[in-house]
Amino acid sequence: MLNPPMCLSRRLVCLVIAGILALTLPARAEDRSPNAGTALAQGVVAHDGMVVTQEARAARIGVDILRNGGNAVDAAVAVGFALAVSYPRAGNIGGGGFMVIHRANGEDTAIDYRETAPAAINAKSFLDAQGNADPQKSRTSALAIGVPGTVAGLALAEKEYGSGRFTLADLIAPAIAMARDGITLDDDMTDEQTNILARLAHWPASAKIFLKADGGGLSAGDRLVQSDLADTLQAIARDGPDAFYQGPIAWKIAAAVQAAGGVMTVDDLKDYRAIERAPVR
């Protein structure tokens with residue numbers, strides 16, 4: 001899955017993708033309906049920085065990075081890892097995405113860290129016996145699992161365009177704490193989970209985290225603890241992206257995908273690279 005969209009800005013560097021929920025440093029909202037004070041969609045102006053994303057806890061982490069002297073890329077990376085914990089239905093380190101960066105000197109760049117197909121996927125991988133497209137193979141089978149790019153992409157962005165005030169470990173630390181200590185679920189998270197209970201129940205590792213002992217979903221107010229994710233994030237913080245793409249974590253990813261009927265290998269993970277490109281105009 002793709003990481004959910006985010007938008008951040010601070011003086012010298014501006015990253016823009018898209019967003020829904022805004023948490024800002026001192027800001028001004030001015031557009032209101034003339035009818036009985038009803039609020040319309042509001043334009044928001046922030047003079048010192050803004051973080052826009054789909055989950056409030058992650059957005060606050062980005063704001064803290066800006067307040068402590070980070071630039072937009074620092075904040076984006078921290079938010080990206082935080083969403084892996086606080087927005088599990090979309091923000092995750094098992095997916096990928098894109099980052100578009102506009103710098104104050106006028107330079108623009110794009111980092112492509114979308115998932116890639118395992119090397120064993122070919123033109124016939126998603127066809128049925130009659131040679132027709134098989135939606136089940138391309139949408140819900142383990143053959144459709146792409147080599148994840150999020151970790152490589154966020155690490156590359158921070159290395160090349162971060163402020164230098166933070167290490168990658170600094171930016172992952174808030175996500176580790178949330179995963180280890182747990183977060184309290186709200187209605188939005190539990191409502192969405194209800195729609196995918198059957199899929200979660202199919203995988204014992206997922207059921208252990210996201211379902212109750214009786215097989216039911218977690219409720220608003222329940223605490224979601226993700227210890228395995230915390231351990232994975234801790235390894236990335238300690239050893240960099242190689243901790244994810246090589247060694248024990250990569251072995252476990254490849255083994256799990258193959259056990260489910262996929263073809264991803266440890267070499268697919270080892271060979272993954274995020275790519276910096278000139279933005280399309």
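**Entry 1: helix 1 and its end.** I began at Gly69, which lies just after helix 1 and takes a positive phi of about 95 degrees. I take helices as DSSP runs of H or I with at least four residues and strands as runs of E with at least two, numbered from the N terminus. The model is predicted, so I note that local features need pLDDT of at least 70 and side-chain atom pairs count only at pLDDT 80 or more, while totals for chains, interfaces and linings use all residues. Residues are numbered from 1 along each chain as its sequence is written, and side-chain values use heavy atoms, with hydrogens and water left out.

I then looked up the span of helix 1, residues 56-67: its 12 residues reach 16 Å from first C-alpha to last, close to the 16 Å expected at 1.5 Å a residue. The expected span is 1.5 Å times one less than the number of residues. I listed its buried residues as Ala58, Ala59, Ile61, Gly62, Val63, Ile65 and Leu66. Buried means under 20% relative accessible area, exposed over 50% and partly exposed in between, with a 1.4 Å probe and protein chains only.

**Entry 2: helix 1 against helix 2.** I found that the axes of helix 1 and helix 2 (residues 72-86) come within 8 Å and cross at roughly 155 degrees. Helix 1 is therefore roughly antiparallel to helix 2. Axes are lines fitted to C-alpha atoms, for helices over the stretch in contact, and angles between N-to-C directions run from 0 to 180 degrees. Angles under 35 degrees count as roughly parallel, over 145 as roughly antiparallel, 65 to 115 as roughly perpendicular and the rest as oblique.

Contact means heavy atoms within 4.5 Å. On the helix 1 side I recorded Arg57, Ala58, Ile61, Gly62, Ile65 and Leu66; the residues they meet in helix 2 include Ala72, Ala75, Val79 and Leu83.

**Entry 3: helix 5 against helix 9.** I noted that the axes of helix 5 (residues 168-181) and helix 9 (residues 227-239) come within 8 Å and cross at roughly 170 degrees. These two helices are therefore roughly antiparallel to each other. Among the residues making the contact are Leu168, Ile172 and Ile176 of helix 5 and Ala230, Leu233 and Ile236 of helix 9.

**Entry 4: Val257.** I located Val257 in helix 11, residues 248-259. Val257 counts as buried because its relative accessibility is 7%. Leaving aside neighbours within four places in sequence, I found Val257 in contact with Ala142, Ile145, Gly262, Val263 and Met264.

**Entry 5: the chain.** I counted 12 helices and 11 strands. Buried residues make up 42% of the 281 residues.
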